[in-house]
Amino acid sequence: MAVIYLRLSKRHNELGRNEIILTFRQGSTIYQRCGTEIFILDKPMYWDGKNMVLRGRMMTDELRYHREQKLRLERMCAAVTAAWERTDRKQISSTWLKDVIECFNHPEKFVTLEQEVVKTNVTSVFVTYLNTHKVSENREKHMWSLWRVFRRYEAWRGITFEFETFSHEDLEGFRNFLITEHEYWVRDEKNGKMKCSNRRYKAAFNLVNDECNQLGKKIESRCPEPRSKNTLNNILVRLKTFWLWSMKQGYTERNPFNKFTIESAEYGTPYYISLEERHKLEDAHLEGMMAIQRDIFVFQCCIGCRVGDLYRLTYEDINDGILTYTPNKTKDKNPILAEVPLSKTAKALIEKYYDPERGTLFPFISQQKYNIYIKKIFKEVGLNRKVAVLNPLTRIHEMKPLYEVATSHMARRAFTGELYGLVQDPNLIGSMTGHVEGSKAFARYRKVELNLKQSLIDMLDRE
């Protein structure tokens with residue numbers, strides 16, 4: 001039985017981090033070890049003596065880095081195991097482990113003859129694109145998700161798409177597959193769990209997960225759910241982005257998207273809390289974690305950033321009462337500097353939770369739990385005004401109370417909507433929110449209800 005052992009090198013780099021050494025052993029005949037190029041701090045909160053752990057509770061830059069390295073290490077171990085399973089035992093050389101890890105860390109260096117032969121294979125080039133094209137962490141997740149579903153479509157049809165034969169008819173087939181994929185799953189009446197009801201699709205699903213394991217990438221762990229129109233369009237836009245990149249790289253001159261229409265995304269009128277409702281939230285008597293998360297939400301309403309950016313903010317981002325940061329969503333392609341003057345409320349909250357040892361502005365919990373608390377807080381405070389919410393599947397507006405639909409992004413919408421109601425200048429507001437020039441998001445705020453605009457005017461009378 002093959003076994004993988006991990007240990008920390010005694011040497012450390014200029015940042016004080018030690019490299020993880022991977023040892024692969026099979027019986028008494030195979031014993032190889034190699035550096036992983038993964039460096040971590042030799043501390044109990046990151047290393048338990050044999051494996052990586054994550055015991056830190058506050059999401060700091062250091063914890064975020066180690067989380068990424070832990071995920072990378074897990075993928076590397078999966079890649080080593082998969083390589084062992086598909087390699088002829090007679091072909092195991094003394095540098096086998098080193099070559100496998102080198103290929104994992106630097107896939108661009110390993111273009112084999114077989115890969116050259118199938119270079120027009122769409123999904124193979126997609127892997128090259130994902131391994132060499134720099135994108136944000138969130139976008140990388142979306143792109144790998146696209147690769148998985150596109151590869152499932154291939155396997156389900158029993159073909160391999162080539163650039164020179166892939167047509168707009170194939171794109172239509174892919175879109176139909178995206179719409180109907182969830183229908184291959186049914187709920188088991190005995191245990192209530194979802195199970196695959198189609199033998200051919202199940203084989204395709206399992207095949208793609210096996211390939212993900214070989215690549216050291218995340219597998220599809222749950223059955224696909226019904227996709228909304230906007231989700232479908234976003235998936236197709238990502239595929240088009242990859243295709244245009246492939247054309248620039250010389251893989252093909254054909255563009256099937258020329259005869260294929262991707263509809264524009266449709267969103268309902270943005271709903272958010274008014275200034276009066278925000279003040280009600282501020283004045284409510286809450287204790288413990290409810291009070292902390294309420295304060296964080298109010299602060300987010302005061303600066304209008306995305307929750308991912310909020311969690312990355314530090315005291316170093318504040319200078320002379322001005323919060324300055326680069327939104328993570330735009331930092332890779334079109335970096336935009338967001339500058340937000342801090343209000344008295346925002347400054348008071350920063351002072352309330354000031355802790356230079358923490359590394360972040362506030363004592364954050366996970367984003368998922370943050371959103372759960374927001375809903376609880378809204379319900380506790382009595383923010384139950386009904387708002388029209390567009391159902392993404394039926395495309396029909398449904399009336400729901402605020403506390404059911406409240407999330408961290410509502411704070412960003414509140415900041416943007418309130419300012420847009422006072423000064424309808426997208427460029428001025430965008431300089432504070434990080435919206436790109438010409439963003440379509442502001443068109444939605446032109447439909448803001450008159451009573452919300454009145455709340456903004458009333459703000460002038462409040463000290």
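How many strands form the open sheet, and in what order? In this predicted model, three strands form the sheet, arranged 1-2-3. Their pairing is antiparallel. Strand 1 (2–12) and strand 3 (30–40) are the edge strands. Each of these edge strands pairs on one side only. On average, neighbouring strands of the sheet are turned by 25° against each other, direction ignored.

Strand 2 spans residues 18–26. Strand 2 and strand 3 are joined by eight bridges in the antiparallel sense. Across this pairing, Q26 stands opposite I30 in strand 3.

Two helices pack on the sheet. Helix 1 (residues 61–86) touches strand 1, strand 2 and strand 3. The direction of helix 1 makes about 160° with that of strand 3. Helix 2 (residues 96–105) also packs on the sheet, where its contacts are with strand 2 and strand 3. The direction of helix 2 makes about 30° with that of strand 3.

Aromatic contacts were examined next. A pair of aromatic rings is described by the distance of the centres and the angle of the planes. The count comes to 38 aromatic pairs. One of the aromatic pairs is formed by F150 and F174. The centres of these two rings lie 5.2 Å apart, with 70° between the planes. The geometry of F150 and F174 is edge-to-face. This pair links distant parts of the chain. F150 belongs to helix 5 (residues 137–157), and F174 to helix 6 (residues 168–180). The two residues are 24 residues apart. Both F150 and F174 are buried.

F242 and W245 form a further pair, with ring centres 6.3 Å apart. Their planes meet at 25°, so the pair counts as stacked; the cut-off for stacking is under 30 degrees. F242 and W245 both lie in helix 8 (residues 229–248). Because they are three residues apart in this helix, about one helical turn separates them. Both F242 and W245 are buried.

Charged side chains over aromatic rings complete the description. R17 lies over the face of Y65, at 3.8 Å from the ring centre. K376 lies over the face of Y373, and here the distance to the ring centre is 5.4 Å.

Note on methods
Residues are numbered from 1 along each chain as its sequence is written. This is a predicted model: local features need pLDDT of at least 70, side-chain atom pairs count only at pLDDT 80 or more; totals for chains, interfaces and linings use all residues. Side-chain values use heavy atoms; hydrogens and water are left out. Rings of Phe, Tyr and Trp (its six-membered ring) pair if their centres lie within 6.5 Å; planes under 30 degrees apart count as stacked, over 60 as edge-to-face and the rest as tilted. Helices (H or I, at least four residues) and strands (E, at least two) are DSSP runs, numbered from the N terminus. Buried means under 20% relative accessible area, exposed over 50%, partly exposed in between (1.4 Å probe, protein chains only). A charge sits over a ring if NZ of Lys or CZ of Arg is within 6 Å of the ring centre and within 35 degrees of the ring normal. Two strands pair if DSSP finds at least two bridges between them. Axes are lines fitted to C-alpha atoms, for helices over the stretch in contact, and angles run from 0 to 180 degrees between N-to-C directions. Contact means heavy atoms within 4.5 Å.
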